[in-house]
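Here are some notes to keep beside you as you look around this structure for the first time. Take the points in order, and turn the view as you go.

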Amino acid sequence: MVTAAIFLVATVAAGLGAVLLRLPPLVGFLVAGFALHAAGIAEPPYLETIADLGVTLLLFGIGLKLDVKTLLRKDVWFTTVAHLLVSVAIAVGFLGLLGVIGFSMLAGEGLGVLALLGLALSFSSTVFVVKVLDTRSDQSALYGRIAIGVLVMQDLIAVVFLSVASEHPPSPWAFALVLLIPGAWLLRKVWSKVGHGELQALFGVAVALGPGYALFEAVGLKGDLGALVMGMLLAGHPAATELSRTLFTVKELLLVGFFVSIGFSGELSWQAAVIGLLLLLMLPLQAIVTAVLLRLMRLRKRTAILSGLVLTNYSEFGLIVVAVGSQTGLLHDDWLVVLAVAVAASFVLSSAVNTRGNEFAMSLAKRFPSKPNEWLHREERLIDVSGAEALVLGMGRVGRGAVRKLRDDYGMDVVGVEHDPARVTTLRSEGFTVVQADATDIEFWGRVRSAGAVRLAILAMPFHAANLIALSQLRASGFDGTVAAVARYDDDVAELERHGADAVFHLYGTAGLALADEAAEAALGYDTAEQMRDAQAGRRTTSGQVAGAVPGAAPSTPTELDEAR
């Protein structure tokens with residue numbers, strides 16, 4: 001327990017230090033791992049287990065939200081394969097140059113070793129990228145879906161390599177895993193019976209670790225891949241989003257162990273540290289390659305650049321590839337430390353860049369020529385909201401309620417904006433007017449066609465950061481209409497008002513008011529609260545009696561009147 005306390009205090013302190021420096025907390029977690037290792041504190045045996053649990057739940061959560069059709073998109077599979085080949089070529093050339101300069105670790109290394117290192121350096125971190133997208137609420141945005149698709153393809157390529165290179169190849173029983181497809185039907189039925197709360201969370205963890213991790217490990221495949229596959233098989237369940245949100249906090253806490261564990265990858269030498277830091281010089285080239293490839297797929301400049309920026313980091317899978325190479329004698333053990341330094345440093349660099357990703361994307365996009373609207377991918381073309389008087393950004397439960405109220409009670413022409421294509425399809429089938437777009441996109445209003453009639457924008461997205469970004473983009477675009485937003489916490493309300501929101505509604509604070517209205521309407525049989533107030537006002541007489549009372553009856557007492565209400 002003493003060791004656990006030391007690790008917790010050091011990790012919290014380092015995470016807080018990173019926040020004070022305006023860096024993501026995970027940068028502090030990485031620093032804590034290296035600092036604890038350098039201080040001679042032994043890695044507790046349970047840290048690796050905690051890290052594995054975090055990664056497993058992360059991949060299970062990705063699977064729950066992953067549309068398999070995303071992997072079949074040309075801009076995903078082509079970009080993944082082309083990026084891998086180009087990245088390996090860049091790494092071979094760069095590492096060969098370092099060998100010529102005089103680094104002894106690279107002296108005499110053959111092309112095969114350099115290519116293997118290049119493969120390890122071609123992967124981007126699933127853990128890091130998903131955390132960035134979670135922070136921005138961008139997993140369903142086009143660039144977010146493309147980035148996750150590329151990550152899944154990279155993970156599959158890594159799993160294939162590990163299966164081939166491992167001393168223990170997959171068992172013939174691995175083919176029996178196809179039975180998980182009909183088995184998922186049974187799991188869905190069970191899931192529908194478990195309800196909500198802790199039992200549903202426990203069910204999710206059990207599925208991720210049981211038929212997911214443990215079963216795949218038993219047949220010689222990576223357990224992490226099993227968790228991802230189980231998530232994908234259960235993705236269509238109505239409670240998939242709820243389960244993903246329920247596991248979010250648990251997953252985040254466990255992933256802290258993953259970031260801290262990177263610092264314990266091996267003994268750090270000056271040469272390993274220098275080479276690891278020099279490897280960061282390849283990241284801009286890899287980002288450019290990703291952006292160019294996606295631009296060739298007819299994506300907008302911002303989408304291509306944002307995808308390139310968020311994927312600009314090295315991966316924990318690279319560490320695993322090098323570890324397997326070390327175990328099979330293909331690589332020296334020192335390369336594991338080099339990769340650990342490169343991965344940790346890439347997280348720090350990528351965190352700093354992606355904190356201002358939208359700003360960098362727009363700044364860079366201005367430097368390159370634009371393409372006509374017809375040339376762009378269909379999801380990137382101009383959005384027609386001609387005639388709309390109000391836009392509701394975010395079509396969850398709050399957004400749908402806002403659309404109904406504005407449309408039915410106020411007679412306004414309302415268009416909803418939603419970046420999840422599956423939800424867009426569902427809402428359109430239910431009669432909503434919805435366009436598919438990313439409300440946090442700084443070019444969103446530039447893509448809107450005939451938006452002159454819009455005089456009201458409601459920010460109803462579930463994440464405060466997304467609403468704040470959308471508000472900033474609205475004001476930066478010159479929109480001078482009314483902007484209303486929702487918030488969960490008092491400090492979020494204050495921040496939105498500070499950034500120019502005309503009206504902010506506290507979800508928890510106003511829930512009681514809405515509940516009282518609903519209760520009163522149900523009790524008295526009125527259709528609206530306004531009708532109820534009008535009726536109450538009409539009942540009052542100059543004598544203090546209630547209008548409509550039986551003539552001659554004694555005036556009702558306050559208690560009787562309250563009971564009648």
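1. Start where two helices meet. From α2, the residues Leu-26, Val-27, Leu-30 and Phe-34 touch a set in α17 made up of Ala-340, Val-341, Ala-344, Phe-347, Val-348 and Ser-351. Please keep in mind here, and throughout, that this is a predicted model.

2. How do these two helices lie against each other? Two packed helices are described by the angle between their axes and the distance between the axes. Helix α2 covers residues 25-38 and helix α17 covers residues 334-355; their packing angle is about 155°, and their axes are 9 Å apart. Angles over 145 degrees count as roughly antiparallel, and α2 and α17 are therefore roughly antiparallel to each other. The crossing of α2 past α17 is left-handed.

3. Now step back to the whole chain. The protein chain holds 26 helices and eight strands. Of its 565 residues, 49% are buried. Among contacts with a separation of 6 or more, 74% are between residues 24 or more positions apart.

4. The sheet deserves a slow look. Six strands form an open sheet in the order β4-β3-β2-β6-β7-β8, and the pairing is parallel. At the edges are β4 (434-436) and β8 (503-506), each of which pairs on one side only. From one strand to the next, the twist averages 20°.

5. Two of the strand pairs can be followed residue by residue. Strand β7 (residues 482-487) runs parallel to β8, and four bridges join the two. Within that pair, Val-486 has Phe-505 of β8 as its bridge partner. Strands β2 and β3 also run parallel and are joined by four bridges; there, Val-392 is partnered by Gly-416 in β3.

6. Helices pack on this sheet too. Helix α20 (residues 421-429) touches β3 (414-418) and β4, and its direction makes about 160° with that of β4. Helix α22 (residues 464-476) touches β6 (456-459) and β7, and its direction makes about 160° with that of β6.

7. Which residues of β2 are buried on each side? In a regular strand the side chains alternate between the two faces of the sheet. On one side of β2 are Ala-390 and Val-392, on the other Leu-391 and Leu-393; these are all buried, and both faces of the strand are covered.

8. Another enclosed element is helix α10 (residues 223-233). Eight of its eleven residues are buried, so the helix is largely enclosed by the rest of the structure. The buried residues of α10 are Gly-223, Asp-224, Leu-225, Gly-226, Ala-227, Leu-228, Met-230 and Gly-231.

9. Next, the charged pairs. Side chains of opposite charge can pair when their charged atoms come close. The whole structure has eight salt bridges. One of them joins the side chains of Arg-73 and Asp-75, at 2.8 Å from N to O.

10. A second pair reaches across the sequence. In the salt bridge between Glu-389 and Arg-455, the closest N and O atoms are 3.0 Å apart. Glu-389 sits in the loop between β1 (383-384) and β2 (390-393), while Arg-455 sits in the loop between β5 (448-449) and β6, so this pair links distant parts of the chain, 66 residues apart. Arg-455 has a relative accessible area of 48% and is partly exposed.

11. Asp-409 and Lys-405 form a salt bridge at 2.8 Å, N to O. Both residues belong to helix α19 (residues 397-409) and are four residues apart, about one turn of the helix. An α-helix has 3.6 residues a turn, so residues three or four places apart point the same way. Lys-405 is partly exposed, with a relative accessible area of 44%.

12. Lys-251 lies in helix α12 (residues 248-261). With a relative accessible area of 10%, Lys-251 falls under the 20% cut-off and therefore counts as buried. Leaving aside residues up to four places away in sequence, Lys-251 touches Gly-54, Leu-57, Leu-58 and Asp-134.

How values were computed: Residues numbered from 1 in each chain as written. Predicted model: local features only at pLDDT ≥ 70, side-chain atom pairs only at ≥ 80, totals over all residues. Heavy atoms only, no water. Pairing = 2+ DSSP bridges. Axes fitted to C-alpha atoms, helices over the stretch in contact; angles between N-to-C directions. Contact = heavy atoms within 4.5 Å. Salt bridge = Lys/Arg side-chain N within 4 Å of Asp/Glu carboxyl O. Buried < 20%, exposed > 50% of the residue type's maximum accessible area, 1.4 Å probe, protein only. Parallel < 35°, antiparallel > 145°, perpendicular 65-115°, else oblique. Left-handed = near helix turned anticlockwise from the far one by under 90°.
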